[in-house]
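Colleague: I would like to learn how to read a fold and the packing of its helices from coordinates. Could we take one case and go through it step by step?

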Amino acid sequence: MSRQGANEMTDLARSPMRPVALSLCVLSAAMVVLSLISDGNAFSDSWWLVAFVLWLLLWGVLRSMTRGVAERPQAGLDERERGLRDRVSFIGYQCAVGAGMLVVLVMVVFQNQPDVIERMPALLTTLMLTASAVPSIVLGMSGVGVEDDDEDESE
């Protein structure tokens with residue numbers, strides 16, 4: 001591995017975005033479980049609501065950390081950043097479509113079980129929130145923006 005490659009790995013390992021992205025993934029998985037095990041509507045379940053508020057806070061932090069690539073105008077991005085932004089946006093779109101279809105499939109399979117159908121709004125909400133956060137999570141896991149911050153500080 002080259003010296004530059006080693007430095008990139010060190011930057012990625014110490015990137016503050018990665019723990020936030022991982023925490024958001026774990027919290028999303030916990031919210032899926034909470035929406036499925038809640039007694040009835042998860043929107044009235046205090047654990048799910050606490051997780052929801054925490055999820056929004058983590059997502060806001062991660063979104064602000066990845067804003068440099070995620071929201072910068074096309075003219076301000078190089079080819080690599082444009083390609084990355086396009087790819088993660090497409091991945092998020094595919095996750096949203098898949099999550100919606102999963103909920104529809106569960107509703108069709110369990111259409112005669114009202115206790116399962118009752119849980120679908122919270123499951124759909126959790127899956128759609130997660131799908132909307134996938135681009136920021138992927139950017140956070142990749143560490144994009146860490147080198148941009150370092151370059152800005154050195155100038």
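This is a predicted model: local features need pLDDT of at least 70, side-chain atom pairs count only at pLDDT 80 or more; totals for chains, interfaces and linings use all residues.

Colleague: Which pattern does the protein chain follow along the sequence?

Modeller: Its pattern reads α-α-α-α-α-α-α-α, with 8 helices and 0 strands in the chain. Taking contacts between residues at least 6 apart in sequence, 75% join residues that are at least 24 apart.

Colleague: At what angle do helix α2 and helix α3 pack, and how far apart are their axes?

Modeller: In general, two packed helices are described by the angle between their axes and by the distance between those axes. Here helix α2, residues 17-37, packs with helix α3, residues 46-65, at an angle of about 155°, and their axes lie 9 Å apart. Angles over 145 degrees count as roughly antiparallel, and α2 and α3 are therefore roughly antiparallel to each other. Their crossing is left-handed.

Colleague: Which residues make the contact between α2 and α3, and how many of them are nonpolar, polar or charged?

Modeller: On α2 the contributors include Val-20, Leu-24, Leu-27 and Met-31, while those on α3 include Trp-48, Phe-52, Trp-55 and Leu-62. Serines also take part on the α2 side, among them Ser-23, Ser-28 and Ser-35. Sorted by class, the contact of α2 with α3 comprises 18 nonpolar and 3 polar residues, with no charged ones.

Conventions:
Residues are numbered from 1 along each chain as its sequence is written. Side-chain values use heavy atoms; hydrogens and water are left out. Axes are lines fitted to C-alpha atoms, for helices over the stretch in contact, and angles run from 0 to 180 degrees between N-to-C directions. Helices (H or I, at least four residues) and strands (E, at least two) are DSSP runs, numbered from the N terminus. Angles under 35 degrees count as roughly parallel, over 145 as roughly antiparallel, 65 to 115 as roughly perpendicular and the rest as oblique. A crossing is left-handed if the near helix is turned anticlockwise from the far one by less than a right angle, and right-handed if clockwise. Contact means heavy atoms within 4.5 Å. Ala, Val, Leu, Ile, Met, Phe, Trp, Tyr, Cys and Pro count as nonpolar, Asp, Glu, Lys and Arg as charged, and the others, Gly among them, as polar.
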